[in-house]
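Thanks for making time. I will go through some contacts and packing in this one, and I will keep to what is on the screen.

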Amino acid sequence: MEQQLPMEDYSRQTITQRGYFFHHITDPITRALTVTYLLSVSLTILKIVVIFPHFSNDVFRIVVFVVVSAAAILLCARAAKAPHLIRRYYHFGLMVYVVYLAISIFLLSKGINISTLQEFYLVIMWSFFGLGIHWGFLYAVVTIGMAVIFLVYSNQSITIIDLLPPHIPFWMAIFVIVTNFILAIFSLYTYQRAIAKTSEEKTALNKQLNKLLDAKTDFLSTMSHELRTPLNSVIGITNLLIDENRDESQNEDLKNLRFSAENLLLLINDILDFQKMDSHKLELESIPFNLVDLLEDACGSLKTKAAEKNLYFEVRSDSRLASFEVVGDPTRLTQIVFNLASNAIKFTEAGGAKVSCQLINEETDRATLRFSVEDTGIGITPDQQLVIFEPFIQASRNISRKFGGTGLGLSIVKHLVNLHGSAIQLDSVPNVGSTFYFDITYPKYHQRLASQTSVSTPSSRLITKESLHGLRVLLAEDNQMSVVFMRKLFAKWDVDPDIAKNGQEAIEKLTQQTYDVVLMDLHMPVMNGIEATQYIRSQEDPLKCRTYILALTASVSDDIIANIKSLGFDDYLGKPFRPNDLHHKLKKVLRNQIS
């Protein structure tokens, strides 16, 4: 027995099948073009049918009407079945229409009337809306050209224009003119409605996209914190063990552990930086730094790696660089140099690598430098050179299997060099070696740096023993391993910090006692570091509200890092951090307290 549909479902099915003929056309512009096209063709055929009886004795005109009508019916049927080809049918339909107008003006009616002018306007309007600017101009030139040519060579008066040819009845002329007006109004209405709907959809999609981007940024910020926080403990405790241990064999194992953890950190940083590049949120800082110290620090850890492979590794700086500092982004420059030098060692089996920085142009306020990384490795073929700067791509599959890596390093290098207003260059010969180089112009820093705050020196691997006795420290940190590491680290500096597990506890402890500095983690339960800091700054007690607050963040959120001051923090330190960088900031706080 045939299954009976409920009345409500039957009605819904009927409406779906019959209610809207063009429901399958999802694009508003294509739907508007199709509807307008079918209506225009239908009304054109209707006009021909109405006018046809008055030309029953004109064989040539009958043939023209029949051909135009047949072409119109065929195009209607094709357009209804294949709306995605509607622009192709617009072309064909407009060409037929223009030919019809030309025949009508020069052969049949032998004149221009109001209906002809309307049809000129319709052709121009349909061509602009349906085919775009270039074809619109072409059809406009053709139609206007026909009118100009006829007026010039026929000497027809343009002060008196008929409704239609004189032998057409008045009521029929009114019908044709009104029909043309209806076509024009309906076409404009349909196009405008489609454009408005497209604009609304675009606005809605942009809002949805912004929400997705915000969610992606929040996710990456959270994941960055969750990944970097344990790495901070691993690298930090490893540094403490290396500093305290005197057993060479154990120290070798600890250094391998530290090297692996730092490589993992570099991989995480590459992935997060690539995300920033993809969302165009990667920006450069402006910090004074010393180029010689930066190059030594960037390449310091690679000397051991080169020695393990029995390779030479040289870092050469122009002697003139020692006389001045520059202003730029030392972190990103370190990233560029480290990635290139690390690749040079990775892909070199015999010989070695050399990192150099040459001063190629010096002026009063700026200096142009050429950085180059040269190796005697496997080299890169010309074909491979075209793709190696693309993300996730290495020179070949064999290289990926043999040497490992994500294929992001050179892509990030290229983007960072471009951010500096330069371009990465490559000279390479297979089985001989490669040289990567680029030029950057930096503003000069006209003061001498009292100490390097932004770039650590090679000796920063050895944790300083300089005492910070007397510094009152409150550590707001919810990760227990981070607390263990920080206690051990502060013990080296004669500091016994108080611990708060969240922002709320930090506020309570600060209410009960006075501290010189608060180390505030940003991501904590109950109350996060930002909320706690803003609450502290709102206190009426001038001693409490002006407490020095140092943000400890593993977040990669550009909004947080860029607005760290406006959020109420005095400074920040990214996790994982080097112990000596923290010591330097705390020493500055202690010095200010004493003074």
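I start with E362, which is partly exposed, at a relative accessible area of 40%. Partly exposed here is the range between buried, under 20% relative accessible area, and exposed, over 50%, with a 1.4 Å probe and protein chains only. Before going on: this is a predicted model, where local features need pLDDT of at least 70 and side-chain atom pairs count only at pLDDT 80 or more, while totals for chains, interfaces and linings use all residues. Residues are numbered from 1 along each chain as its sequence is written, and side-chain values use heavy atoms, with hydrogens and water left out.

Back to E362. What does E362 form a salt bridge with? The partner is K444, and the closest N and O atoms are 2.6 Å apart. A salt bridge means a side-chain nitrogen of Lys or Arg within 4 Å of a carboxyl oxygen of Asp or Glu. This pair links distant parts of the chain, with E362 in strand 4 (residues 352–362) and K444 in strand 7 (residues 433–445), 82 residues apart. Strands are DSSP runs of E, at least two residues, and helices are runs of H or I, at least four residues, both numbered from the N terminus. K444 has a relative accessible area of 15%, so K444 is buried.

The structure holds 17 salt bridges. Two others that I looked at are R316 with E314, where the closest N and O atoms are 2.8 Å apart, and R366 with E363, where that distance is 3.6 Å. R316 is partly exposed at 44% relative accessibility, and E314 is partly exposed at 28%. R366, at 43%, is partly exposed, and E363 is also in that class at 38%. There is also a network of salt bridges that links D243, E244, K465 and K492.

Rings of Phe, Tyr and Trp (its six-membered ring) pair if their centres lie within 6.5 Å; planes under 30 degrees apart are stacked, over 60 edge-to-face, and the rest tilted. One of the pairs is F289 with Y442, edge-to-face, at 5.8 Å centre to centre and 90° between the planes. Again distant parts of the chain are linked: F289 sits in strand 1 (residues 287–289) and Y442 in strand 7, 153 residues apart. Are these two buried or exposed? F289 is buried at 0% relative accessible area, and Y442 is buried at 3%. Another pair is F389 with F436, whose ring centres are 6.2 Å apart with planes at 85°, so this pair is edge-to-face. F389 lies in the loop between helix 11 (382–385) and helix 12 (397–403), and F436 in strand 7, 47 residues apart. F389 is buried at 14%, as is F436 at 8%.

Five strands make an open sheet in the order 9-8-10-11-12, with parallel pairing; two strands pair if DSSP finds at least two bridges between them. Which strands are at the edges? Strand 9 (498–500) and strand 12 (571–574), each of which pairs on one side only. On average, neighbouring strands are turned by 20° against each other, direction ignored. Within the sheet, strand 10 (residues 517–521) and strand 11 (residues 548–553) pair in the parallel sense over five bridges, and V518 stands opposite I549 in strand 11.

Helix 16 (residues 529–537) lies across strand 10 and strand 11, at about 150° to strand 10. Axes are lines fitted to C-alpha atoms, for helices over the stretch in contact, and angles run from 0 to 180 degrees between N-to-C directions. Helix 19 (residues 579–594) packs on the sheet and touches strand 10, strand 11 and strand 12, its direction making about 165° with that of strand 12. Contact means heavy atoms within 4.5 Å.

T533 is in helix 16 and is buried, at 0% relative accessibility. Leaving out residues up to four places away in sequence, T533 touches M520, I549, L567, G568 and F569.

Last, helix 2 (residues 28–51). 18 of its 24 residues are buried, so helix 2 is largely enclosed by the rest of the structure. S40 lies in helix 2 and counts as buried at 5%. Beyond four places in sequence, S40 touches W126, L183 and S187.
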